[in-house]
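Hi,

Here is the structure I promised to pass along. Have a look at it first, and then read on for my notes.

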Amino acid sequence: MNAFQILGIAVIAVLITTSLVNLTRGRGRLSVSLLWLWLWCLAAVALAWPDSTVLVARSLGIKRGADLVFYCNVFATLGGFFLIYLKQRRVERQLTLLVREMAIANPALPEQAEPSP
């Protein structure tokens, strides 16, 4: 094992520990926490045994394991951006409904502008 693998696995161990602590303290949804744990474990396997990505890539018709990791990263990034976009739209809609409700509950006429001399 080289220095990069050792450092990478140490970082992933910290990330796994953080995910487990968040899971046990109920700081997120169970499905999301399990997804992160699964991804950290996959990253650790890919770091410890780099040839495993080549085997999976070739079984999917991709020549190199690095290409498989890159494609997965691109898909995950696009999916993440899409989910953030959906969340932002939902928050904007909730804000609009709240402002409308407050405006109906507390109607006030705009103050008369004083005529200028």
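Which residues in α3 meet which ones in α4? On the α3 side they are Thr53, Val54, Val56 and Ala57, and their partners in α4 are Gly65, Leu68 and Val69. Before going further, bear in mind that this is a predicted model.

On the geometry of that pair: helix α3 covers residues 51–59 and helix α4 covers residues 65–105, and their axes come within 7 Å, crossing at roughly 75°. Angles of 65 to 115 degrees count as roughly perpendicular, so α3 is roughly perpendicular to α4.

Next, the charges. There is one salt bridge in the structure. The side chains of Arg64 and Asp67 form a salt bridge, with 2.8 Å from N to O. Asp67 has a relative accessible area of 19%; buried means under 20%, so Asp67 counts as buried.

Then there's helix α1 (residues 3–24), where you'll find Ser19. Ser19 is buried too, because its relative accessible area is 12%. If you skip its neighbours within four places in sequence, Ser19 is in contact with Trp36, Leu37 and Trp40.

Trp36 also turns up in a nonpolar patch on the surface, together with Val32, Leu35, Trp38, Leu39 and Leu42. The patch has about 560 Å² of accessible area in total. One of its members, Leu39, sits in helix α2 (residues 30–48). Leu39 has 34% relative accessibility, so it counts as partly exposed.

Cheers

Note on methods. Residues are numbered from 1 along each chain as its sequence is written. This is a predicted model: local features need pLDDT of at least 70, side-chain atom pairs count only at pLDDT 80 or more; totals for chains, interfaces and linings use all residues. Side-chain values use heavy atoms; hydrogens and water are left out. Patches are made of residues with over 30% relative accessible area and no salt bridge: like charges are joined within 9 Å, nonpolar side chains (Val, Leu, Ile, Met, Phe, Trp, Tyr) within 5 Å. Accessible areas come from the Shrake-Rupley method with a 1.4 Å probe; for residues, only the protein chains shown count as cover. A salt bridge is a side-chain nitrogen of Lys or Arg within 4 Å of a carboxyl oxygen of Asp or Glu. Helices (H or I, at least four residues) and strands (E, at least two) are DSSP runs, numbered from the N terminus. Buried means under 20% relative accessible area, exposed over 50%, partly exposed in between (1.4 Å probe, protein chains only). Axes are lines fitted to C-alpha atoms, for helices over the stretch in contact, and angles run from 0 to 180 degrees between N-to-C directions. Angles under 35 degrees count as roughly parallel, over 145 as roughly antiparallel, 65 to 115 as roughly perpendicular and the rest as oblique. Contact means heavy atoms within 4.5 Å.
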